[in-house]
Structures are given as structure tokens and as C-alpha cells.
Amino acid sequence: VQLQASGGGLVQAGGSLRLSCAASRSILSFNNMGWYRQAPGKQRELVAGITRGGSTNYVNSVKGRFTISRDNAKNTVYLQMNSLKPEDTAVYYCNGVVDFFNYWGQGTLVTVSS
């Protein structure tokens, strides 16, 4: 199973980015998919997740600003990030869980300038 993340970049505070995570198999085969991030010197944290059934959850700091979604036909999960803040700067990782096994994509760097 491969997860290919893309869409990171440099953006000014208040701007938007959309991350994409393309899977090499049906995303509906995953129990859960999500986006994590890791800022320098900090632990990796779950930013947003989506279950096979379509339920979503978010870390409090991004609620109302980030939206996780998916396109089943394209086997792709997205993270729309709006109203970005400098504290959102991190490497973002796509994650998928199948039968308690975690799959990770390569990270994509998001840098938000003030």
C-alpha cells in the first residue's frame, strides 16, 4: 500500500492550501484515514481524520478552518486548509489504517509566513 501526499508549500498567514493523499488501493478499504502533522521539536499530532463511514474529527486548533474530505473514485483524501496561521507550519503526513496496521505517506511541508 502506498500513500502519496502532495500540495504543501509556502503561504502567507490567512491563506489557503489543499493537501492531497492518493492511495494505491481503494480508500474505502481503510478503516480510517487522516492527516497528521509534526512541527519542529514537537510530537506528531492528528490533525483530521475520516472513517470508512465518512465521520470526521479534528484537533481543536483547526476546527472551523480545516476540512477533510475524500473522492472515492480517485482514491484520494484531501485536507483543505483555510485561514492558515504560522503555528500551522509543519510537515503534514497522510495516514491510513487497515486492520490495525498503519500506512504512512511521505510528508509534505507546509510553511505559513506571518
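Trainee: What share of the contacts with a separation of 6 or more is made by residues 24 or more positions apart?
Mentor: In this predicted model, such residues account for 52% of those contacts in the protein chain.

Trainee: How many helices and strands does the protein chain have?
Mentor: There are zero helices and 11 strands. Buried residues make up 39% of the 114 residues.

Trainee: Why is Asn 95 called buried?
Mentor: Buried means under 20% relative accessible area. Asn 95 has 3% relative accessibility, so it counts as buried. This residue is found in strand 9. Leaving aside neighbours within four places in sequence, Asn 95 is in contact with several residues, including Leu 3, Met 33, Tyr 36 and Trp 104.

Trainee: How do you know that the side chains of Asn 95 and Asn 102 make a polar contact?
Mentor: The cut-off for a pair of N or O atoms is 3.5 Å. The two side chains are joined at 2.9 Å, and that value is within the cut-off. The side chain of Asn 95 also reaches the backbone oxygen of Tyr 103, at 3.4 Å.

Trainee: What makes strand 9 and strand 10 a pair?
Mentor: Two strands pair if there are at least two bridges between them. Strand 9 and strand 10 (residues 101-104) have four bridges, in the antiparallel sense, so they meet the definition of a pair. Val 98 stands opposite Phe 101 in strand 10. The two strands form a hairpin with two residues between them, and Asp 99 in the turn has a positive phi of about 50 degrees.

Trainee: Which strands form the open sheet, and in what order?
Mentor: Four strands form it in the order 1-3-8-7, with antiparallel pairing. Strand 1 (3-6) and strand 7 (66-71) stand at the edges, each with a single partner strand, so one side of each has no neighbour in the sheet. From one strand to the next, the twist averages 15 degrees.

Trainee: How do you know that strand 3 and strand 8 pair?
Mentor: At least two bridges are needed, and six join strand 3 (residues 17-23) to strand 8 (residues 76-81). One example is Ala 22, whose bridge partner in strand 8 is Thr 76.

Trainee: Where does Asn 75 lie, and what does its side chain reach?
Mentor: Asn 75 lies in the loop between strand 7 and strand 8. A polar atom of its side chain lies 3.4 Å from the backbone nitrogen of Ile 27. Beyond neighbours within four places in sequence, the contacts of Asn 75 include Cys 21, Ala 22 and Arg 25.

Trainee: Which residues have the most contacts inside the largest nonpolar core?
Mentor: That core has 28 residues, and those with the most contacts inside it are Met 33, Trp 35, Phe 66, Leu 79, Met 81 and Tyr 92. Among the elements that give two or more residues to the core are strand 4 (32-38), strand 5 (45-51) and strand 11 (108-113). Leu 79 touches Trp 35, Phe 66 and Tyr 92, among others.

Notes. Residues numbered from 1 in each chain as written. Predicted model: local features only at pLDDT ≥ 70, side-chain atom pairs only at ≥ 80, totals over all residues. Heavy atoms only, no water. Axes fitted to C-alpha atoms, helices over the stretch in contact; angles between N-to-C directions. Polar contact = N/O pair within 3.5 Å; in protein donor to acceptor, adjacent residues only side chain to side chain. Contact = heavy atoms within 4.5 Å. Core = buried A, V, L, I, M, F, W, Y, C linked by side-chain atoms within 4.5 Å. Buried < 20%, exposed > 50% of the residue type's maximum accessible area, 1.4 Å probe, protein only.
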